[in-house]
Amino acid sequence: MTGKDARKGLWIAFFVLPGLAVVFTIILLPLFMSLFNSLFSWNQLLRGDFVGLGNFRKVFATEPYRTRFFNAIGNNLTWFLVTMLVQNSLGLFFGYLLSRRVPGHEFFKRVIFIPVLFSIVAVGFLWGLYLRPNGLFNGFLKLLGAGSLQRAWLGDENLATFSIIAVNIWRWVGFPSLVFLAAIDNVPVECLEAAYLDGAKEGTIFRRIILPLIVPSITVITVLTIIGSLNVFEQIFTMTGLDGSPNFSTDTIGTLFYRTAFGSVDSGNPEIGVGSAIGVVIYALTFGASILSIATLNRKEVEL
Amino acid sequence: MTTDLRFRGAGPGRKAVVLLVELLLCAYALLVFYPLANMVLSSFRSTRDILRAPFALPTAFDLANYRAVWVDKGFGRYFLNSLWITATAMTLVLLLGSMAAYGVSRYKYRLSTLVYMLFLSGIMLPLKAAIIPLFILMKKLALVDKPLSVILIFVAMGLPSTVFILAGFMKSVPIDLEHAARIDGCNDWGIYRRIVMPVVAPAISLVTIYNAVPIWNDFFFPLVFLQSDKWKTLPVGLTSFFGQHSTNWSLLFTGLTIAVLPVLVLYLFMAKYFIRGMTAGAVK
Amino acid sequence: MRFKRSALVLLLALLALGTLVAQTTTLNFWTWRPEDTDAYNKLIAVFEKANPGIDVVLTAQKNTEYNTILSAALAGGSGPDVFQSRAYGGLETFAQSGYMEPLEKWVPELKAFDKAPLRGATSIKDGKVYGVPFASQTLFIYYNKAIYKQLGLSVPETWDQFLANLQAMKKAGVLPLANGGKDGWTLEVLQGAICPNFYGANDFFDAVMTGKANFQDPRYVGAIAKLKELTPFMPDLFMGVSYTDMQSSFINELAGHFIGGSFEAGYFSAQNPKLEYDVFPAPVAKKGDKPFVSVYADGNFSMNAGSKNKDAAAKFLKFLAGKTTGDFFIKDLKQVSAVPGADTSTSPYIQKVLSLQKNNTPYIMLVGFRYQQPTGSVLLQAALQGFMAGKFDAAEVGRQVQEGLATWHAPFQKK
């Protein structure tokens with residue numbers, strides 16, 4: 001290695017090592033420890049014998065873990081699909097409107113991100129209050145004459161998850177909106193003006209010019225949505241509790257993991273081995289799904 | 001601009017569309033301000049009152065609740081703790097994150113992708129899942145009940161996304177600027193500090209808001225690691241209003257209002273740079 | 001000579017100084033009751049006055065995070081000296097992991113405690129006592145005396161009389177029953193209050209504990225089915241009504257009945273001092289039956305096996321097992337203290353609860369079935385949510401509970 005290479009190596013180390021050290025110690029090390037934990041059986045808080053993949057077999061093959069696990073994954077999938085379809089489309093819609101500089105767009109640009117600033121506790125509480133049977137939302141429906149549409153939004157098995165997702169969308173839609181706004185603003189104005197002058201219609205311009213050019217931002221939002229949907233926890237915890245009430249319909253692998261690994265007053269003592277196994281599955285799924293989507297979407301990128 | 005969706009001078013069809021869109025956006029804005037107003041107004045009422053009539057206006061605007069929360073419950077100290085812990089963590093995130101992003105994006109070497117992926121993996125791994133090993137680790141480092149423990153955790157949580165975002169920006173700084181600086185005698189640190197960082201300044205505000213808000217609002221890690229009253233942060237203080245069988249809604253709303261104010265101020269102050277940051281070739 | 005005398009004086013002075021600078025031991029004390037912080041600090045002040053060398057620092061953790069924080073602290077080697085611990089199943093986490101100190105030799109006062117609360121402090125693994133029980137809780141029905149007087153109702157004894165009262169309230173436009181279904185544990189409480197009188201109380205409990213009967217037994221299923229008869233009297237869309245909503249309607253005198261536990265009273269009185277309420281045990285099936293109430297030990301005070309201040313901790317625990325604490329629980333916290341011989345004259349309410357406790361049965365899932373996952377509680381809560389919402393019938397509730405418990409409850413596995 002030449003002197004220049006050695007010096008370059010030292011510079012790289014200087015820039016990268018401090019951050020890497022923190023990430024390694026605080027994130028990766030405990031991750032490996034919990035991976036380690038998942039290979040043992042546990043008696044309460046004490047580690048027992050080595051059981052290899054025994055805990056994983058428990059999660060996938062024995063009751064009640066199996067039903068709970070697949071029920072939870074199903075809910076995570078619901079989270080992902082609804083968030084992708086509703087939140088990100090809305091984000092795209094808002095981003096597009098704002099890029100078209102509708103009247104008041106400077107104001108709306110700022111307002112749209114405010115819900116992100118609330119703490120999750122505040123959001124869960126306030127919306128929990130509004131979604132009560134005699135709360136604001138039902139009252140509003142009654143006002144509109146749609147009284148028959150009143151429901152127990154957080155108490156009905158068929159509606160609870162969707163209600164929580166709706167609140168989550170309220171909270172986060174500002175983020176994809178601004179990201180898409182930025183991306184659309186990056187499309188060269190000359191391209192668009194030329195298209196307009198050629199008489200192309202709005203829809204065509206959007207589909208053929210804008211959409212392909214903003215694929216990188218779509219990738220980022222998709223990956224973040226996948227990660228978010230797999231890790232969702234606090235929103236559910238504050239609105240319907242740790243047990244996925246009512247009747248496990250809001251349960252996700254996040255709440256399942258927390259319940260199993262740490263226990264709770266009602267659901268019992270911690271099962272560290274099985275809980276760590278669920279944690280490992282969460283890691284694997286998140287990692288795998290992110291890599292997959294990055295790879296797939298990268299192929300769709302279009303350069304100008 | 002021809003691409004603007006304007007109202008004046010437009011045909012009736014377009015006017016209708018603009019009107020509809022405005023209505024939609026206004027409705028959303030209402031949906032944003034109402035909970036905020038609700039929260040602030042509720043902080044002036046008693047718990048029983050809030051439960052009885054959640055949407056009524058307060059009868060008096062005395063600051064008794066605020067005094068109770070700030071002085072009696074010690075929120076003054078928690079607020080300061082949150083402030084300096086968040087500020088320290090953010091400074092470290094920006095410093096270490098920008099350095100790491102620089103080291104990953106401005107040099108070509110075989111390990112660069114691996115290092116980048118190592119940082120990125122931090123986004124995908126929920127740290128809460130490893131709380132017991134993490135606690136044992138902190139115990140070994142003798143950091144339990146010391147603010148440094150949560151500061152390190154927050155930095156570790158903020159680095160991956162910071163590196164992800166800043167590396168993207170830094171990649172697009174033209175190499176010529178760097179060459180010119182080297183000819184002028186700048187070393188690598190000088191290039192980082194004087195050339196690259198100023199160019200990605202808009203992204204800094206984006207990264208700041210993106211990380212500062214979750215750090216400010218996090219209650220889990222300070223709850224587990226900071227056990228002495230003198231180190232507690234604001235969100236941890238809020239948990240003291242949740243009893244086993246009763247919740248002190250009145251003081252809770254007061255605490256939440258106090259907690260959201262700095263973030264709101266920071267955001268409104270940085271909004272201009274923040275939005276510019278997102279608009280400056282961000283996503284690549 | 002003078003030198004020797006001054007040396008002696010110096011030595012004496014040093015000795016005096018040494019005893020003056022007495023060792024102040026600090027005890028860390030954790031509870032899961034943030035709402036009781038002020039009250040506990042008053043109790044602690046009494047202890048500290050009598051024990052000048054000991055300083056007790058109270059930290060109240062959020063109840064839902066308490067187990068996690070305690071586990072992390074104890075597993076990590078730090079942790080409080082004295083702490084509240086859960087009863088029955090919840091005790092095992094720390095007892096079997098070796099984080100709790102067996103207390104028989106430290107706190108001989110425990111010998112005088114009743115068997116029922118001690119059961120919640122004893123580990124099923126080794127039979128040792130790991131905590132000083134602090135309170136017991138009882139489940140029954142609260143009613144608004146003013147509304148009863150207004151409608152000319154009398155306290156019901158049988159199920160039919162109870163339904164008649166509920167019907168009368170409904171006709172008069174009053175919400176008969178505040179209970180809802182959003183918080184699963186409130187449904188478990190509903191079961192705990194109403195069902196024992198239908199499934200045979202202690203006979204059934206002993207049977208399921210020994211495996212002679214299981215939860216698909218018609219007695220249990222029939223008892224669960226009775227709960228459905230209450231739904232017409234619950235609020236509209238009751239599946240969305242949370243515990244806070246329930247408390248709110250009873251406190252604000254919008255509801256006539258509240259089926260809950262002895263832990264409600266303190267909050268009711270604090271929020272609405274003018275509220276006139278009383279309690280009656282859940283109604284019986286037919287006239288002449290003895291009404292039973294579900295009772296359980298709420299929790300204990302335990303010592304950290306790794307504490308560096310065991311002697312001081314023991315002193316504090318002995319205090320917590322003593323009459324002052326017993327009286328405090330009754331007077332200041334309005335809880336039924338587990339301490340034998342505590343003074344109940346300060347609270348007619350507690351006296352009423354104690355009289356109801358004469359016919360007690362264990363609160364079935366909490367006492368007997370929280371030893372492993374899935375607990376009877378979580379199985380029952382989820383099943384009841386489905387049942388009360390009309391998704392399936394009572395037999396299915398029994399089946400779900402039985403299937404889940406059979407995975408670990410040994411007596412159910414001998415088939």
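In the predicted model described here, chain C meets chain B through 29 residues of chain C and 23 residues of chain B, where contact means heavy atoms within 4.5 Å. Together, chain C and chain B bury about 2400 Å², with 59% of that on carbon and sulfur atoms; buried area is the accessible area (1.4 Å probe) that two parts lose on being put together, summed over both. Salt bridges number 0 here, a salt bridge being a side-chain nitrogen of Lys or Arg within 4 Å of a carboxyl oxygen of Asp or Glu. Polar contacts do turn up, in 7 residue pairs with both partners at pLDDT 80 or more. Such a contact is a pair of N or O atoms within 3.5 Å; within protein, one must be able to donate a hydrogen and the other to accept it, and residues adjacent in sequence count only if both atoms are side-chain atoms.

On the side of chain C that touches chain B, two or more residues each come from α3 (63-75), α12 (243-251) and α13 (264-271) of chain C, with helices taken as DSSP runs (H or I, at least four residues) numbered from the N terminus. The largest share, 6 residues, belongs to α3(C). By class, this side of chain C has 12 nonpolar, 12 polar and 5 charged residues. Ala, Val, Leu, Ile, Met, Phe, Trp, Tyr, Cys and Pro count as nonpolar, Asp, Glu, Lys and Arg as charged, and the others, Gly among them, as polar.

Now for chain B and chain A. Their contact draws 90 residues from chain B and 83 residues from chain A, and the pair buries about 8300 Å², 80% of it on carbon and sulfur atoms. Between chain B and chain A there are 0 salt bridges, alongside 7 residue pairs in polar contact (both at pLDDT 80 or more). Helices supplying at least two residues each to the side of chain B that touches chain A include α4 (75-105) and α13 (249-279), but the largest share, 17 residues, is from α1(B). That side of chain B has 70 nonpolar, 11 polar and 9 charged residues.

Residues are numbered from 1 along each chain as its sequence is written, and chains are lettered from A in the order in which they are written. As the model is predicted, local features need pLDDT of at least 70, side-chain atom pairs count only at pLDDT 80 or more, and totals for chains, interfaces and linings use all residues, while side-chain values use heavy atoms, with hydrogens and water left out.
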